[in-house]
Amino acid sequence: YFKLLVQIGFKEIEVGFPSASEDDFSFTRRLIEEKLIPDDVTISVLVQSREHLIKRTVESLRGVKRAVIHAYIATSDLHTEHVFGMNRESVITTAVDAVKLIRSETERVIGKGVIGLEFSPEEFTDTDQDFALRICEAVFEAWAPYEDEKIIFNLPMTVERRLPNEYADMIEDFLNRFKYRTRSIVSLHAHNDMGCAVAASMMALMAGADRVEGTLLGHGERTGNLDLITMALDLEYLGIDTGLDFSNLPDIVATVEDVTGIPVHARHPYSGELVFTAFSGSHQDAINKGFVKKEQLAERFGGWKIPYLHVDPS
């Protein structure tokens with residue numbers, strides 16, 4: 001799977017949660033020790049804002065050329081009060097202490113300037129917006145980035161409880177009010193509980209975000225994460241070069257199905273085996289007429305234009 005992501009062209013790949021299991025730790029070590037990470041690829045690893053987990057995570061990255069530690073803590077009142085039994089101030093303190101520890105431990109164990117920081121106020125869309133700004137600004141100040149360094153602030157729709165336009169509004173508001181906007185990369189991480197992850201991410205990019213997180217075919221918790229294949233090919237459809245290569249999509253799908261054991265639905269956008277198949281007679285007739293006049297239609301409409309087929313199947 002890692003080799004497949006590299007082949008497609010991803011330059012930032014979150015490879016695991018090394019403190020969560022021996023498998024994740026060993027996999028991270030294998031990538032580093034066997035020199036499987038290309039020079040132009042940055043790996044990242046996930047960790048909760050807890051001291052012993054942070055130290056274990058730093059150990060997993062010993063010897064890496066470049067990496068990002070992605071620390072998170074839930075910031076919604078639902079989580080802070082009823083899962084953690086904490087208040088907002090103690091959550092900020094926990095996050096700040098975690099970030100300072102990551103900085104000191106990585107510089108002690110790995111070296112200065114090797115490890116970058118990503119921070120997530122988990123459940124961002126369920127978090128008081130003023131509090132989200134406060135904790136992110138406190139984290140920025142605790143990390144104290146070097147002159148040429150930027151922090152990734154990931155603002156996740158951990159559970160999709162809001163419509164795409166609401167997510168985009170929250171992102172735009174954050175960007176407009178965040179003190180350290182020019183020193184930061186603002187990232188999106190949408191789940192698909194309401195089925196709108198792609199739409200929400202599209203709108204939030206238009207609202208000013210810089211970066212998108214997701215998975216191939218949307219595999220993830222519950223209804224899954226943003227599907228990066230759909231997202232990337234939608235952007236390509238709009239004329240935006242993503243730098244990613246999905247020209248052998250059937251092979252990519254087959255590989256992911258094989259390594260995950262999860263079959264792709266036949267009507268999954270772009271990736272499903274039936275997305276270019278029409279069963280309706282009237283649709284078949286229109287498609288056939290379109291192919292007969294393919295060149296004429298391309299000239300008339302300035303590019304690919306065939307009834308019922310939004311992109312060229314080839």
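Predicted model: local features only at pLDDT ≥ 70, side-chain atom pairs only at ≥ 80, totals over all residues.
Trainee: Leaving aside neighbours within four places in sequence, which residues is Ser271 in contact with?

Mentor: Under that reading, Ser271 contacts Leu217, Ile229, Leu249, Val253 and Val264. Ser271 itself belongs to the loop between helix 10 and helix 11.

Trainee: Where is Thr125 found, and which residues does Thr125 touch?

Mentor: Thr125 is in the loop between strand 4 and helix 6. With residues up to four places away not counted, Thr125 touches Pro156, Met157, Thr158, Val159, Arg162, Tyr167 and Met170. Its relative accessibility is 4%, so Thr125 is buried.

Trainee: How is a pair of packed helices described, and what is the angle between helix 5 and helix 6?

Mentor: Two packed helices are described by the angle between their axes and the distance between those axes. Helix 5 (residues 88-109) and helix 6 (residues 129-143) pack at about 25°, and their axes are 9 Å apart. Angles under 35 degrees count as roughly parallel, and helix 5 and helix 6 are therefore roughly parallel to each other. Their crossing is right-handed.

Trainee: Which residues meet between helix 5 and helix 6?

Mentor: Helix 5 brings Arg88, Glu89, Val91, Ile92, Ala95, Val96, Val99, Lys100, Ile102 and Arg103, which meet Phe131, Arg134, Ile135, Ala138, Val139, Ala142 and Trp143 of helix 6. By type, the contact residues are twelve nonpolar, no polar and five charged.

Trainee: How does helix 3 pack with helix 5?

Mentor: Helix 3 (residues 51-60) and helix 5 have axes 10 Å apart, at an angle of about 30°. These two helices are therefore roughly parallel, with a right-handed crossing. On the helix 3 side, the contact is made by Glu51, Ile54, Lys55, Val58 and Glu59; on the helix 5 side, by Ala98, Leu101, Ile102, Glu105, Thr106 and Val109. Six of the contact residues are nonpolar, one is polar and four are charged.

Trainee: Which residues touch the most other members in the largest nonpolar core?

Mentor: Among its 86 residues, they are Leu61, Leu216 and Phe246. The largest share of this core, ten residues, comes from helix 6. Beyond four places in sequence, Phe246 touches Ile8, Phe10, Leu216, Ile229, Ala232, Leu233 and Ile252.

Trainee: How many residues of helix 9 are buried, and what covers them?

Mentor: Helix 9 (residues 228-237) has eight of its ten residues buried, including Ile229, Ala232 and Leu233. The cover over these buried residues includes helix 8, strand 7 and helix 10.

Definitions and conventions:
Residues numbered from 1 in each chain as written. Heavy atoms only, no water. Axes fitted to C-alpha atoms, helices over the stretch in contact; angles between N-to-C directions. Helix = DSSP H or I, 4+ residues; strand = E, 2+ residues; numbered from the N terminus. Parallel < 35°, antiparallel > 145°, perpendicular 65-115°, else oblique. Left-handed = near helix turned anticlockwise from the far one by under 90°. Contact = heavy atoms within 4.5 Å. Nonpolar A, V, L, I, M, F, W, Y, C, P; charged D, E, K, R; others polar. Core = buried A, V, L, I, M, F, W, Y, C linked by side-chain atoms within 4.5 Å. Buried < 20%, exposed > 50% of the residue type's maximum accessible area, 1.4 Å probe, protein only.
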